[in-house]
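Student: Hey, let's go through this one together. I'll ask, you point.

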Amino acid sequence: KIFTSEDMARYVFEQYGIKWEIRSHVRKVEEGKVYTVNLDGEEKEFDFDFAMLIPPFKAQPIKWIDKDGNDITDKMCNPAGFVKVDANYGKPYDELDGPDWPRKYQNPIYKNVFAAGIAFAPPGPLSKPGKAPDGTPIGPTPPRTGYTAELSGKAAALNIVDMIEGREPSHTASMAETPGLCVASMKNKILDGEAATIAIYPVARNRAAYPEYGRDLDNCAAEVGMAGAWFKLFLHYAFLYKLQAKPGWKLIP
Ligand SMILES: Cc1cc2nc3c(=O)[nH]c(=O)nc-3n(C[C@H](O)[C@H](O)[C@H](O)COP(=O)(O)OP(=O)(O)OC[C@H]3O[C@@H](n4cnc5c(N)ncnc54)[C@H](O)[C@@H]3O)c2cc1C
């Protein structure tokens with residue numbers, strides 16, 4: 001059996017006494033109480049002291065107006081407000097694959113508009129979307145993680161340089177070709193620390209390249225332990241050093 005990130009999340013949540021509810025839509029939140037409906041149509045309510053909800057993503061509500069004064073927001077963005085780029089939009093979940101994910105982050109209508117990181121509209125979901133019996137959509141939004149955000153931002157920036165210097169955009173970074181990395185700290189201590197480390201490659205399933213699972217399992221890892229806590233500490237200082245652009249910052253990935 002493959003040890004999945006879901007197995008790891010379950011293990012960590014159980015260890016720390018955290019209750020979770022997935023495949024559900026939050027209908028209402030009151031002080032200390034949350035009301036949900038799940039894919040089977042079950043209405044539930046939970047008491048909480050602390051809760052973390054992962055809502056559907058929405059972009060900044062920016063209005064796009066063309067030079068004639070027409071509102072072109074629908075043409076430029078998907079319904080959640082993310083900017084359309086060079087992805088294959090409109091495919092159903094079962095047909096969506098790696099090559100449908102954007103590579104240059106350039107808007108197809110206005111070539112001088114780029115959207116990278118969280119700002120671009122994904123071609124579709126990464127996990128199978130569902131609906132409660134009453135039609136309420138329940139589907140996880142594709143995560144746009146930090147590393148892919150950085151790579152896509154860099155590709156978009158270098159593509160703008162290409163255009164300024166009179167070339168066609170040539171730089172690419174697809175979420176179906178780049179890894180997602182996460183170090184989730186549970187205990188920030190040197191000798192008794194604990195963190196969950198997850199690496200997944202590629203973030204967006206790519207069955208064209210990896211037919212069985214859409215992922216390269218040799219490059220996927222999930223582990224909980226002290227090494228993760230040390231790694232997180234190292235990243236903390238390395239990133240702060242890099243952000244301050246101190247000598248040699250370019251060497252830090
Ligand atoms: C709790 C949490 C944990 C995470 N953990 C991980 C992890 O372990 N690994 C990982 O890879 N990723 C992780 N991520 C995801 C990662 O942080 C994001 O994918 C990444 O920061 C996206 O970068 P971005 O530049 O696209 O957007 P952002 O970092 O959100 O940057 C957008 C910027 O635009 C600014 N802005 C917004 N509106 C306007 C406006 N109208 N005008 C001007 N500026 C504006 C905002 O202030 C912000 O600074 C995590 C995210 C969260 C919230």
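Student: Let's start with the second largest pocket. Which helices and strands each supply at least two residues of its lining?
Tutor: Those are α3 (146–164), β6 (180–187), β7 (194–200) and α4 (226–243). Helices are DSSP runs of H or I with at least four residues, strands are runs of E with at least two, and both are numbered from the N terminus.

Student: And what does pocket mean here?
Tutor: Picture a 1 Å grid over the protein atoms alone: a pocket is an open set of points where a 1.4 Å probe fits, with protein on both sides within 12 Å along at least five of seven lines. A lining residue has an atom within 4 Å of one of those points.
Tutor: Before we go on, this is a predicted model: local features need pLDDT of at least 70, side-chain atom pairs count only at pLDDT 80 or more, and totals for chains, interfaces and linings use all residues. Also, residues are numbered from 1 along each chain as its sequence is written, and side-chain values use heavy atoms, with hydrogens and water left out.

Student: Got it. What volume does the second largest pocket have?
Tutor: About 750 Å³. That volume is the space filled by probe spheres set on the grid points, which are joined across faces, edges and corners.

Student: How many residues line the second largest pocket, and which lie nearest its centre?
Tutor: There are 26 in the lining, and Tyr147, Leu181, Leu235, Phe239 and Pro253 lie nearest the centre. The largest share comes from α4, with eleven residues.

Student: How do the lining residues of that pocket divide into nonpolar, polar and charged?
Tutor: You get 16 nonpolar, six polar and four charged. In this count Ala, Val, Leu, Ile, Met, Phe, Trp, Tyr, Cys and Pro are nonpolar, Asp, Glu, Lys and Arg are charged, and the others, Gly among them, are polar.

Student: Switching to domains. What is the domain assignment of the chain?
Tutor: It gives domain 1 (21–55), domain 2 (56–125 + 133–176) and domain 3 (179–248). Those bounds come from an automatic or database domain assignment. As for domain 1 and domain 3, their centres are separated by 29 Å, taken over C-alpha atoms.

Student: How many helices and strands are there in the chain?
Tutor: Four helices and eight strands. Along the sequence they run α-β-β-β-α-β-β-α-β-β-β-α.

Student: What about the inside? Which residues have the most contacts in the largest nonpolar core?
Tutor: Trp101, Tyr105, Phe120, Met175 and Ala204, in a core of 19 residues. A nonpolar core is a set of buried Ala, Val, Leu, Ile, Met, Phe, Trp, Tyr and Cys residues joined through side-chain atoms within 4.5 Å. Buried means under 20% relative accessible area, exposed means over 50%, and partly exposed is in between (1.4 Å probe, protein chains only). In soluble globular proteins, nonpolar side chains tend to be buried together.

Student: Let's zoom in on tyrosine 105. Is it buried or exposed?
Tutor: Tyrosine 105 is buried, because its relative accessible area is 1%. It sits in the loop between α2 and β4.

Student: What's its phi like?
Tutor: Tyrosine 105 has a positive phi of about 65°, although it is not a glycine. Most residues other than glycine have a negative phi, and most peptide bonds are trans.
Tutor: Arginine 23 has a positive phi too, about 50°, and is not a glycine either. Arginine 23 lies in the loop between α1 (5–15) and β1 (24–30), and it counts as exposed because its relative accessibility is 56%.

Student: Where's the cis peptide bond?
Tutor: It joins tyrosine 201 and proline 202, with omega about -15°. Proline 202 is in the loop between β7 and β8 (221–225).

Student: Last one: proline 123. Buried or exposed?
Tutor: Proline 123 is buried, because its relative accessible area is 7%. Proline 123 is in the loop between α2 and β4, and among the residues it touches, beyond four places in sequence, are Tyr89, Leu96 and Trp101.

Note on methods
Contact = heavy atoms within 4.5 Å.
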